[in-house]
Amino acid sequence: MTSNISRRNVLAGLGATAGLLATPHIARAQASAGRVVVIGGGFGGATAARYVKLFSPETDVVLVERDATYVTCPFSNYVLGGFRDLSSITHRRDPLRQRYGVRLVRGEATAVDTNARSVKLKDGASLPYDRLVVAPGIELNYAGVPGWSEQAANTVMPHAWKAGPQTALLRRQLEAMADGGTVIIAPPANPFRCPPGPYERVSMIAWYLKNHKPKSKILVLDAKDAFSKQGLFMAGWESQYPGMVTWIAGKDGGKVESVDPRGMTVTAGFGKEKGAVINVIPPQTAGRIALDAGLAEQNGWCAVDPASFASRKAQNVYVLGDASIAGAMPKSGTAANSQAKVVAANIAASLRGAAAPAAVYHNTCYSLVTPEYGISVTDTYRPGPQGVAVVPNSGGVSPAQANAAQRKAEANYTMGWYAGIIADTFG
Amino acid sequence: MLPMSFRIHILAAALVLTAGSAAAQQRIATLDDTALAAQACNVCHGSQSYLSPTMPPIRGVDAATLYTALIELKTDKRPSTIMGRISRGYSDEQLKALADYLSKN
């Protein structure tokens, strides 16, 4: 196996000249196996690259990714809670190359020519494809919150909605604040990356404050009137952090109208509040390349065929993960991982001229209320006339009534899920 | 005697360890509805190339044992955290096919 992979790497490494140097026999074999380019090496893109190779090892797979390592948004709230460090949620993609023969190209995709079937990189290189997978995640809309800016985010009002330096900044601010201060968290309207994420963040910051700054408060100023796993989260806050968390719905004046980074204040419908720490989670769109490639709708997200995640805008292109409009599926790592398997199967089948297997999708989102108190939402989905839809009478959230052992079991499974999805995504 | 769930766990762990030590998973040989659906399980339960220390392994487990477990989870005869909710997303026939696939792959 090793020799096969290295032979492919050598041929692939020759890039555009490979066709000239290879014998006609090899050139034909490569042509029939096809070339897949994947833009984005997160949960969706990396899984797609790996599973194309698993379903169709002879296919040439190129994964284009801007960053050297991947810091997961899942578990970044535990860095804020103080019981995981960033290095433990930072992952390399080398196993995709070493074990599966995926070619890793470090670079930024800046344009896609869907007629010529070619991806242009920032350094000027072009990557031709037979099938393209676009999995760029999200773009943050800094202009979506008046008064806020990228500069404000990088200095005093972090979003921490892309994990890494932003997570570290928010953690440092929590460590620096005096006991008795107010942490303001401002989640956006739907749709956005990781629907339970802001509320798990509330829980993890409450965990830190309870143990280190117990006179402090958390104020959640929400653009929405309801949120994921709301009953479970609110019951958890009440039992684990009594009196610490106040959540204000959009309809009650919670929607943030503007922020003042100098004065460290937030103005919402009900008035102005000063925060010791302010976490602005802004509105979002599909990642920049999806917009620039013309794959997005007016609303900033990419419409896809619910049976395959094939783009509605371009042939031979698939858009998956947070960037896609996935019907009932949330924008989550598990959802992206699941969509990527369906995309990989569709690509492998189409390259060999076979019918694709029936799509079935899965999502599980675990959240921690405390390190020993886990809750979950899980669903199975199939394509339907209105898009991807939940299979009736299945799935749902953890029971409202559960004993400590059941909550502890879900906290343990949260850890197991993370280790598992990292292995399933990055190999 | 150990409870059934622990016996399954130990048996399966031995089988998967054997498979895992031979080689990393390099190919999914079949490309049909069941083979695709079964890949969803890998996220938590691991695969031929990854054995979870937390989740009960399912690959290589006897098909009848797996099918019985899935049906009992689906009907809440066997208590669970999320597998009851997940197994209700599939017909009995689909669960049977998944159990057969996972036992052999």
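**Close-up views of a predicted two-chain model**

View 1. Gly271(A), in strand S16 of chain A, is the bridge partner of Ala268(A). The model is predicted. S16(A) covers residues 271-274, and this strand pairs with S15(A) in the antiparallel sense. Four bridges hold the pairing of S15(A) and S16(A). The two strands make a hairpin, with two residues between them.

**View 2. The two faces of strand S15(A).** This strand of chain A spans residues 265-268. Which residues lie on its covered face, and which on its uncovered face? Val266(A) and Ala268(A) are on the covered face. Thr265(A) and Thr267(A) are on the uncovered one. Ala268(A), from the covered face, is also the bridge partner of Gly271(A) in S16(A).

View 3. Strand S14 of chain A takes in residues 256-260. S14(A) runs antiparallel to S15(A), and four bridges join them. Within this pair, Ser258(A) stands opposite Thr267(A) of S15(A). Thr267(A) belongs to the uncovered face of S15(A). How many residues separate the strands of this hairpin? There are four residues between S14(A) and S15(A). In this hairpin Met264(A) adopts a positive phi, near 55 degrees.

**View 4. The two domains of chain A.** The domain assignment divides chain A into domain 1 (2-139 + 285-356) and domain 2 (149-282). Their C-alpha centres are 33 Å apart. Domain 1 of chain A brings 17 residues to the contact, and domain 2 of chain A brings 19 residues. Which element gives the largest share of the domain 1 side? Helix H5 of chain A (residues 76-81) does, with six residues. By class, the side of domain 1 that touches domain 2 in chain A holds nine nonpolar, six polar and two charged residues.

**View 5. The contact of chain B with chain A.** Chain A supplies 40 residues to this contact, and chain B supplies 29 residues. On the side of chain B that touches chain A, the elements giving two or more residues are helices H2 (33-38), H3 (42-45) and H5 (83-87) and strand S1 (46-47), all of chain B. Which of these elements gives the most? H3(B) does, with four residues. The residues on this side of chain B comprise 13 nonpolar, eleven polar and five charged.

Note on methods
Residues are numbered from 1 along each chain as its sequence is written. Chains are lettered from A and ligands numbered from 1 in the order in which they are written. This is a predicted model: local features need pLDDT of at least 70, side-chain atom pairs count only at pLDDT 80 or more; totals for chains, interfaces and linings use all residues. Two residues are in contact if their C-beta atoms, placed from the backbone, lie within 7 Å. Ala, Val, Leu, Ile, Met, Phe, Trp, Tyr, Cys and Pro count as nonpolar, Asp, Glu, Lys and Arg as charged, and the others, Gly among them, as polar. Domain bounds come from an automatic or database domain assignment. A residue is buried if 20 or more other C-beta atoms lie within 10 Å of its own, exposed if 12 or fewer, and partly exposed in between; C-beta atoms are placed from the backbone. Two strands pair if DSSP finds at least two bridges between them.
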